[in-house]
Amino acid sequence: AITDLLIDVVCTGSPGTATGIADVTTIENGTVRGFRDGIRIGGDSVALVRNVHVHENSGDGIDANHRTMRIVDSTVSTNGNNGVTGTGDTARLLITGSIARENGDIGIYMANGVLRDSLIILNGTEGGVRANVFPDGPGSLIADTQFVRNQVAIVARPETAIRDSLFIENGDDIVNGATSISGNLCDGVSC
């Protein structure tokens with residue numbers, strides 16, 4: 001069954017435990033740490049995660065599980081795999097005012113959606129953000145976001161547009177053909 005709301009939650013587990021929080025449509029104010037996956041959305045839910053710190057999970061911090069999810073003013077950090085996973089051609093992510101930091105593989109892995117006003121820093125081998133990974137998706141927008149010291153800042157198809165973002169000391173900044181609209185700076189140079 002899907003629960004509607006969790007507020008002021010502190011959820012601590014062990015890496016062998018499957019998921020910290022599952023099938024909840026709204027999670028506000030709290031911490032989820034120490035599980036295989038921190039938060040997983042299921043069913044036909046549209047989810048909101050606001051002001052939640054999801055860290056130190058051995059798998060993904062947040063898994064949108066092919067659903068629509070809004071992540072606002074939250075932090076996903078030091079998770080073993082991805083900070084946020086929103087894959088599948090039906091997945092839609094809207095992420096604002098959030099931080100993806102020091103996740104093992106990818107900071108944010110989104111099939112389609114919007115990422116804005118966020119900080120993507122020190123994420124692992126697969127990149128800070130992977131966007132528009134499915135060729136039939138409508139596209140993604142990345143705006144007003146800072147990418148700092150990721151091995152690769154953004155890996156995205158041409159349907160992903162990037163504007164007014166700042167790239168600092170990344171291994172690579174933008175790969176696989178994402179479209180730079182305007183106002184992007186890569187180590188102080190327009191890109």
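This is a predicted model: local features need pLDDT of at least 70, side-chain atom pairs count only at pLDDT 80 or more; totals for chains, interfaces and linings use all residues.
Me: Where do Phe147 and Phe167 sit in the chain?
Reply: Phe147 is in strand 17 (residues 146-148) and Phe167 is in strand 20 (residues 166-168), so the pair links distant parts of the chain, 20 residues apart. By the way, strands (E, at least two residues) and helices (H or I, at least four) are DSSP runs, numbered from the N terminus.

Me: Is Phe147 buried or exposed?
Reply: Phe147 is buried, at a relative accessible area of 0%. Phe167 is buried too, with 0% relative accessibility. The cut-offs: buried means under 20% relative accessible area, exposed over 50%, and partly exposed in between (1.4 Å probe, protein chains only).

Me: New topic. How many salt bridges does the count come to?
Reply: The count comes to 12. The rule is a side-chain nitrogen of Lys or Arg within 4 Å of a carboxyl oxygen of Asp or Glu.

Me: Which side chain does Arg33 meet in a salt bridge?
Reply: That of Glu56, at 2.8 Å, N to O. Arg33 is in strand 3 (residues 24-33), while Glu56 is in the loop between strand 5 (46-55) and strand 6; they're 23 residues apart, and the pair links distant parts of the chain. Arg33 is partly exposed at 32%, and Glu56 is partly exposed at 39%.

Me: What about Asp144? Which side chain does it meet in a salt bridge?
Reply: Asp144 meets Arg116, again in a salt bridge, at 2.8 Å from N to O. Asp144 lies in the loop between strand 16 (140-143) and strand 17, and Arg116 lies in strand 13 (residues 113-116), 28 residues apart. Asp144 counts as partly exposed at 26%, and for Arg116 the value is 26%, partly exposed as well.

Me: Which residues are linked in a network of salt bridges?
Reply: The network links Arg116, Asp117, Asp144, Arg163 and Asp164.

Me: And where are Glu169 and Arg149?
Reply: Glu169 lies in the loop between strand 20 and strand 21 (172-175), and Arg149 in the loop between strand 17 and strand 18 (152-156), so the pair ties together parts 20 residues apart in sequence. Their side chains meet in a salt bridge of 2.7 Å, N to O. Glu169 is partly exposed at 46%, and Arg149 is partly exposed at 48%.

Me: Let's do Ser180. What do its side-chain atoms reach?
Reply: Ser180 is in strand 22 (residues 179-182). A polar contact of 2.7 Å joins its side chain to that of Asn184, and the Ser180 side chain also reaches the backbone oxygen of Cys191 at 2.7 Å. A polar contact is a pair of N or O atoms within 3.5 Å; within protein, one must be able to donate a hydrogen and the other to accept it, and residues adjacent in sequence count only if both atoms are side-chain atoms.

Me: How far apart are Ser180 and Cys191?
Reply: They're 11 residues apart in sequence and 7.1 Å apart in space, C-alpha to C-alpha. Ser180 itself is partly exposed, at 32%.

Me: Last one: which strands pair with strand 10?
Reply: Strand 7 and strand 10 pair in the parallel sense over five bridges, and four bridges join strand 10 to strand 13, also running parallel. Two strands pair if DSSP finds at least two bridges between them. Strand 10 (residues 92-96) has Leu93 and Ile95 on its covered face, with Arg92, Leu94 and Thr96 on the uncovered one.

Conventions
Residues are numbered from 1 along each chain as its sequence is written. Side-chain values use heavy atoms; hydrogens and water are left out. Rings of Phe, Tyr and Trp (its six-membered ring) pair if their centres lie within 6.5 Å; planes under 30 degrees apart count as stacked, over 60 as edge-to-face and the rest as tilted.
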